[in-house]
Amino acid sequence: MCGIVGYIGENQAAPILLDGLAKLEYRGYDSAGIAIYDGNEIRMEKVMGRLKVLEELTHGGETMPGCAGIGHTRWATHGCPSDTNAHPHFNKEHSIVVVHNGIIENYAKLKRKLEAKGYEFLSETDTEVLVHLLTEYYDGDPIAAIERVMRRVEGSYALGIMFLDHPHHIYAARKDSPLIVGASPVGNLIASDVPAILRYTRNVYYMENEEIVCLSKENIRFFNIDGDKLEKTPTTIDWDIDAAEKGGYEHFMLKEIYEQPKAVRDTISPRLKNNDVVIEELGMTDDELRAVRKISIVACGSAYHAGITGKYVLEGMARIPVEVDLASEFRYRNPIYEEGTLAIIISQSGETADSLAALREAKKHGVRVLGIVNVVGSSIAREADNVMYTWAGPEISVATTKAYSAQIAALYLLAMKFAKVRGTVSQEEFLKMQSDLEQLPEQIETLLGMKEKIQRFANRYLAADHMFFIGRGIDYAISLEGSLKLKEISYIHSEAYAAGELKHGTISLIEDGTLVVALATQENLYPKTISNIVEVKTRGAFVMAVTNFGHKEIEKTADYVIYIPKTNQFFTNSLAIIPLQLFGYYVSLGRGLDVDKPRNLAKSVTVE
């Protein structure tokens, strides 16, 4: 959600900023802009629309010479998308310029006070408050002015700032919105995420809350909100640069769908040792695991769907009560924090605002927190008591695929660990589970070989207005994610329902030709799901079923069947989700939509 890039060094800044912002397009945005110090003044260009409009306007940055600058892609919160509301924002004298990610919650009150002092506002944004506050407090010392602003504003922010009086420096500050600093032999950089600067450096500093950084082309200096200097140690990013590129695929989403065998293998393989699950980063002894009385899983979006799968798997395998909450609701329902509760916060980016707030709420009440995240050094990774990484590599497409698959693989491992320690599975059952888990990557590869078949089917439903996904048990959890994949990238209205709930109202929406996707992978629930398929067929639905190899009798009721390899009943989500991801992808592709950057959505939701 929004993207910041800044550079100061020996090279021309504008092309670097434009390149970095292009690497952050996956975060979602509606306008873009850059500001460059050209040796005499700070020049700015900003436009509504895609980054290519800004690139064309500046001829790839050639019309904006200078070796220091900041850039931004905006996802509208305060004020509609427009050239005026786009970032960066100047003060009246064009002596201070700011880019900002996040939300200033008390901006209206601050704006009234600034207007009373004669400051004029040109935009509808909360960000413009920041640049006028900086002007109000600036007396020649940028760090002191930034500190005073940080103390006045409430909310979340990542800031990139330039002062005309200090042309050989750029400044940045952070609170609850991600920001990193990159150190390079030819200059230094700031960015919202690693892909933006990976071409230029692998040495990255992760900024903590209420920290300030001052960058010149030779030096990086960190300060806390009191102005004290800080010593920080850089992290070396070991991503392959190609991991953040399309690598010949038409879209990042398709590339990442095909990377799922590796993402699942990399997540599970290091943790299966000597016929045991070894999760060293869990940081809990067997006695501590046995003492856990309840697990509370908190997440948003697809990570929430992974959590629902985790509930079925943990309760079914390890017999531990599990609650699953949407992070946006968790804090506000006044949850009961029982002794012996383990909170699990799931997030791809590790920066999801609601999930991070839920983490802090749980810790405030003395609850132990485990983070399951994909980004090393992210806020959730740093603030959780323990962290379990999903080794999916960088995920660029807004619609998650491989990160989701890695998350449910991590939850399988946790469930197996708890089950073994608590004695709810025998050693024989455990070894069979381990074998099934190790086969998942190869089985996913088999399903990816069906893409042409799924594409042909998807092309039949490009003009659909409504679709429904149904399933029971774990199949319901799969339905939720399959429905989300379709709606978020194809813009087709789609709903997922527990199949047994159809007769409680929803079945009234089924009419001739309505596509219903029925998941039937749970052997003990198979007859029940068949009955639900018959129910919708009777009302005129066209049914696509996803079931295990061997269930040929489903062809008597379903119109179209996709078979997945047999695996442990708890692991079927990892296989059944593959054709649903491909289906959503090919429907979106066939409708001519922007698969990787669906409208109104952002990859990393860093505001409430």
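Analyst: N274 counts as exposed because its relative accessibility is 77%, above the cut-off of 50%. The model is a predicted one. N274 sits in the loop that runs between β16 (272-273) and β17 (276-277). Its phi is near 50°, a positive value in a residue other than glycine.

A positive phi also occurs at N334, about 55°, although N334 is not a glycine. The loop that holds N334 lies between α10 (327-330) and β20 (341-347). With a relative accessibility of 65%, N334 counts as exposed.

Another backbone feature involves a peptide bond. H87 and P88 are joined in the cis form, with omega at about 5°. P88 belongs to the loop between β4 (68-74) and β5 (89-90).

Turning to the surface, K109, R112, K113, R148 and R152 gather there in a patch of positive charge. Two elements, α3 (107-116) and α5 (142-152), each give two or more residues to this patch. The largest share, three residues, comes from α3.

Helix α3 itself has a buried side, made up of L110, K111 and L114. Viewed down the axis of α3, these buried residues fall within an arc of 105°, so they line one face of the helix. R112 and A116 are exposed on the other side of α3. K113, also in helix α3, counts as partly exposed because its relative accessibility is 44%, which lies between the cut-offs of 20% and 50%.

Methods: Residues numbered from 1 in each chain as written. Predicted model: local features only at pLDDT ≥ 70, side-chain atom pairs only at ≥ 80, totals over all residues. Heavy atoms only, no water. Patch = residues over 30% accessible without salt bridge, like charges linked within 9 Å, V, L, I, M, F, W, Y side chains within 5 Å. Areas by Shrake-Rupley, 256 points an atom, 1.4 Å probe, with all protein chains shown as cover. Salt bridge = Lys/Arg side-chain N within 4 Å of Asp/Glu carboxyl O. Lys, Arg positive; Asp, Glu negative; His and termini not counted. Charge placed at Lys NZ, Arg CZ, Asp CG, Glu CD. Helix = DSSP H or I, 4+ residues; strand = E, 2+ residues; numbered from the N terminus. Buried < 20%, exposed > 50% of the residue type's maximum accessible area, 1.4 Å probe, protein only. Arc of directions from axis to C-beta.
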